[in-house]
Every structure is written in structure tokens, then in C-alpha cells.
Amino acid sequence: MPVMKEETKELLENVMDEDLALEFLKEYDEDQFVEYYEQYETLVNDYGQGLVDEYIEYYFLDAINHFEDAYSGEYESGAQFAEQMVSDLGYVNNNIPSWVEIDWQATWENLSDDYAEIIRPDNRVVIFSNSY
């Protein structure tokens, strides 16, 4: 391994997962390691490495501090998210007749400029707000 800065060495001594830290250092430089790794490791422990890496690929590493603000939940689809959001906001209630059908996929497409979806390996969809 190349010669590291003292600050990097100190941080490496305090990480919970040294293999994860070394993997991060292979992908990013030492300055990025010092600035972002602690947040990265916390998010990986809470949400899983695959999702955090996908988020970084979509939004870039410098957006990692916004991950939890942007995280809007996990759903079967973007359409399910749209339905839940509209329901939570009170726009849909129990007074709608059963013969009324709402196109939740079209509603999701209308929202997709403001939200991003990351599809997990199990095909669940994780939604992130682009307005964090």
C-alpha cells in the first residue's frame, strides 16, 4: 500500500470495518476518505453497502451527507410510492367510488423529476428526493 498521510492512518485505526475502509480508499482518494468515510461507514451499517454505493453512483460522493434527508423509503415500485405519497397528503380518501381508477404509474412519472428510484437486487425500489 502506498504511503498514507497521518490523518488517514489515524482514521484507519478507528474504523469499524477495515476491509470496507480499504475498499473505499481504492475507489476514492485520501482527502475524500478523511472527509466522507465515517458517514459512508455509518450508512453502510444502516442501509447496506449496495444501496449506499448506488446512491453515490447516482448522486456522487459529495452528496453522501444528504443520503438520510433524501431517503424517502422502500417500495414495490415508484407507482406504490406515488400512491402512498398522495394518500399521506390527504388527496385520496375513502369517499372515492370503487369504480374510479387512478393511474399511479403515470402519477409516479409526473413525480420522477423530483424523485429518483434505485432498484435493489431483490427488485424493491428505494426512493430518494432530489430536493434534499
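Q: What should I know about the model and its numbering before I start?
A: It's a predicted model, where local features need pLDDT of at least 70, side-chain atom pairs count only at pLDDT 80 or more, and totals for chains, interfaces and linings use all residues. Residues are numbered from 1 along each chain as its sequence is written, and side-chain values use heavy atoms, with hydrogens and water left out.

Q: In what order do the three strands of the open sheet stand?
A: Strands of a sheet pair through backbone hydrogen bonds, either parallel or antiparallel. Here strands are DSSP runs of E with at least two residues, helices are runs of H or I with at least four, and both are numbered from the N terminus. Two strands pair if DSSP finds at least two bridges between them. In this open sheet the order is β1-β3-β2, with antiparallel pairing. β1 (71-75) and β2 (115-119) are the edge strands with a single partner each, so one side of each has no neighbour in the sheet.

Q: Over how many bridges do β1 and β3 pair?
A: β1 pairs with β3 (residues 125-129) over four bridges, in the antiparallel sense. You can find E74 opposite V126 in β3.

Q: Which helix lies across β1, β2 and β3?
A: That's α6 (residues 78-88), running at about 120° to β1. For such angles, axes are lines fitted to C-alpha atoms, for helices over the stretch in contact (heavy atoms within 4.5 Å), and the angles run from 0 to 180 degrees between N-to-C directions.

Q: How many salt bridges does a search of the whole structure find?
A: Side chains of opposite charge can pair when their charged atoms come close. The cut-off is a side-chain nitrogen of Lys or Arg within 4 Å of a carboxyl oxygen of Asp or Glu. The search finds five. One of them joins K5 and D31, with the closest N and O atoms 2.7 Å apart. K5 sits in the segment before α1 (6-13) and D31 in helix α3 (residues 30-47), so the pair ties together parts 26 residues apart in sequence.

Q: Which residues are linked in a network of salt bridges?
A: Look for E74, E76, R120 and R124. R120 bridges to E74, with the closest N and O atoms 3.7 Å apart. R120 is in the loop between β2 and β3 and E74 in strand β1, so this pair ties together parts 46 residues apart in sequence. E76 bridges to R124, and there the closest N and O atoms are 2.3 Å apart.
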